[in-house]
Amino acid sequence: MLKVNHLSKSYQTGTNMYPVLKDITFHVNKGEFVAVMGPSGSGKTTLLNCISCFIPHDHGEILLNDKNLTGLDENKLAAIRNKHLGFVFQDFMLLDGLSVFENICLPQIIAKKPIPQMEAKAQKLCSLFGIEKIKDKYPAEISGGEKQRTAVARAMMNQPYVLLADEPTGNLDSKSCKAVIDAFLQAKNEMHTTIFMVTHDSYAASFCDRVIVLKDGEVNQELTKTGTRREFMDQLLNVLRELGGDDSHDAA
Ligand SMILES: Nc1ncnc2c1ncn2[C@@H]1O[C@H](COP(=O)(O)OP(=O)(O)O)[C@@H](O)[C@H]1O
Ligand SMILES: [Mg+2]
């Protein structure tokens, strides 16, 4: 579904080129829930922004459902972002002037889809993610966990190939964090969604099928969950501790 091959990316500061991603290769299968972890500054957000086509990469290729995104012009990339990628951000990015239901509908309003079909779909997502009761409220009237579940529902409206999330639980308490992770798991289980999530939170990552660990812009290791969630979380905490990374309860 998502293939990243030999990806590299440098930032230029003054006359210096500062390499942030160095020859990154990994694949994410359809329906898989994968997390990227690693110490602060290891390149997680940069990697996600390259995959999102928000910033260009220097070398290597990104394939989404076998389509090579490398070298496409801005119009084509915008179309791919709208149709085939779903985004969830740390700070929710909901529109304050729209209700929960209207926020969820937004991607299809932009895509000019028929209204009855759009509303039926938004309704279905509201019940799937347990936000039916708040659908007529405005973002200022709901909790962080509810905001993020609204954002997940919105990201699912166009049935993206991949849901991309950067620290989706970073601003949430542990109860809301679990509610958002449950929304991802429902998307995966009920809609076979492929999810790629950057997180520094071992608790959130322990619900994933696989974790890619970045260090200094390189894939340090990949861990696949084989035993229980609890065992996987302990394994992740150990790996991050050894790398000098953050853990669940450190600041981001
Ligand atoms: N736009 C930018 N220009 C220059 N350097 C950047 C830019 N964005 C990030 N960096 C640097 O790249 C490195 C990786 O950043 P980032 O991808 O945000 O890491 P992470 O999300 O893992 O904390 C950091 O050292 C950061 O300072
Ligand atoms: Mg980051």
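This is a predicted model: local features need pLDDT of at least 70, side-chain atom pairs count only at pLDDT 80 or more; totals for chains, interfaces and linings use all residues.
**Entry 1: α3 and α4**

I started with helix α3, residues 100-110, and helix α4, residues 115-128. Their axes come within 9 Å and cross at roughly 135°. That angle makes α3 oblique to α4, since only angles over 145 degrees would count as roughly antiparallel. I also noted the hand: α3 passes α4 in a right-handed crossing.

Next I looked up which residues meet. On the α3 side I found Phe-101, Ile-104, Cys-105, Gln-108 and Ile-109. Facing them in α4 are Met-118, Glu-119, Lys-121, Ala-122, Gln-123 and Cys-126. Sorted by class, this contact of α3 with α4 holds seven nonpolar, two polar and two charged residues.

**Entry 2: α5 and α6**

Then I moved on to helix α5, residues 144-156, and helix α6, residues 174-191. Here the axes come within 8 Å, with a crossing angle of roughly 20°. α5 and α6 are therefore roughly parallel to each other, as the cut-off for that word is an angle under 35 degrees. The crossing of α5 and α6 is right-handed.

For the contact itself, I listed Gly-145, Gln-148, Arg-149, Val-152 and Met-156 from α5. They meet Ser-176, Ala-179, Val-180, Ala-183, Phe-184, Ala-187 and Met-191 from α6. By class, I have eight nonpolar residues, three polar and one charged in the contact of α5 with α6.

Conventions
Residues are numbered from 1 along each chain as its sequence is written. Chains are lettered from A and ligands numbered from 1 in the order in which they are written. Side-chain values use heavy atoms; hydrogens and water are left out. Axes are lines fitted to C-alpha atoms, for helices over the stretch in contact, and angles run from 0 to 180 degrees between N-to-C directions. Helices (H or I, at least four residues) and strands (E, at least two) are DSSP runs, numbered from the N terminus. Angles under 35 degrees count as roughly parallel, over 145 as roughly antiparallel, 65 to 115 as roughly perpendicular and the rest as oblique. A crossing is left-handed if the near helix is turned anticlockwise from the far one by less than a right angle, and right-handed if clockwise. Contact means heavy atoms within 4.5 Å. Ala, Val, Leu, Ile, Met, Phe, Trp, Tyr, Cys and Pro count as nonpolar, Asp, Glu, Lys and Arg as charged, and the others, Gly among them, as polar.
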